[in-house]
Amino acid sequence: VISIQSSAGFGKTYCALACALELVFKQKLFNKIYIIKPTVDVGAKELGFLPGTVDSKIDPYFRNIHDLLLKLHDKRPVNKAFKKDSTEDEKLSIECLNKKYIEYLPINFLRGANIENAVCILDEFQQYTRDEARTILSRFGENCKVFITGDVQQIDNVYVNEENNALNWVVKLFKNNKNYAHIV
């Protein structure tokens, strides 16, 4: 487990995603990338019901990560991340992802899941409560590398604050563990 903490715009998610692509597609140490992110709306505005597939419903929440994936793809193509024969225009949609290799997951779909042989990016981890963090972290089995990113200055979840969020809890819980690193 590696946690990365910094202010907004310093490239936490970009670095984690670049490492994940390297570990899965170049070094072939893992089979898949899972990107788990909260579906917390900024401020008091909620999107409400969204029509369409699960991918189209989560698209607004994962759009920034998909943009980073496309940016990294432009630097060094990772064609396997997208469905075969996808055009450049189709790659702009998260529905074009090859779910054999990369998948976006909101926390709502994790209960009961067993994730193995994967790189997992837990983005915006400061938005989660400790109980949600337990639910997420207990999903990982054999041969998983986990990147946790967050900024405790940017909390939109009304149930957590700068002190009691999941990112701070993980940093304290895993401190001095030989399988853990924290980067600020």
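User: Which residues point one way from β3, and which the other way?

Analyst: I102, Y104 and P106 point one way, E103 and L105 the other way, and all are buried. Buried means under 20% relative accessible area, exposed over 50%, partly exposed in between (1.4 Å probe, protein chains only). This is a predicted model: local features need pLDDT of at least 70, side-chain atom pairs count only at pLDDT 80 or more, and totals for chains, interfaces and linings use all residues. Residues are numbered from 1 along each chain as its sequence is written, and side-chain values use heavy atoms, without hydrogens and water.

User: In what sense do β2 and β3 pair?

Analyst: Strands (E, at least two residues) and helices (H or I, at least four) are DSSP runs, numbered from the N terminus. Two strands pair if DSSP finds at least two bridges between them. Here β2 and β3 pair in the parallel sense, over five bridges. P106 in β3 is the bridge partner of K37.

User: How many salt bridges are there?

Analyst: Side chains of opposite charge can pair when their charged atoms come close. The rule asks for a side-chain nitrogen of Lys or Arg within 4 Å of a carboxyl oxygen of Asp or Glu. The count is five. One of them joins K37 and D123, with the closest N and O atoms 3.8 Å apart. K37 lies in strand β2 and D123 in the loop between β4 and α3, so the pair ties together parts 86 residues apart in sequence. Both residues, K37 and D123, are buried.

User: Which side chain meets R134 in a salt bridge?

Analyst: D131 does, at 2.6 Å, N to O. R134 and D131 are three residues apart in helix α3, about one helical turn. R134 is partly exposed at 41% relative accessibility. D131 is exposed at 54%.
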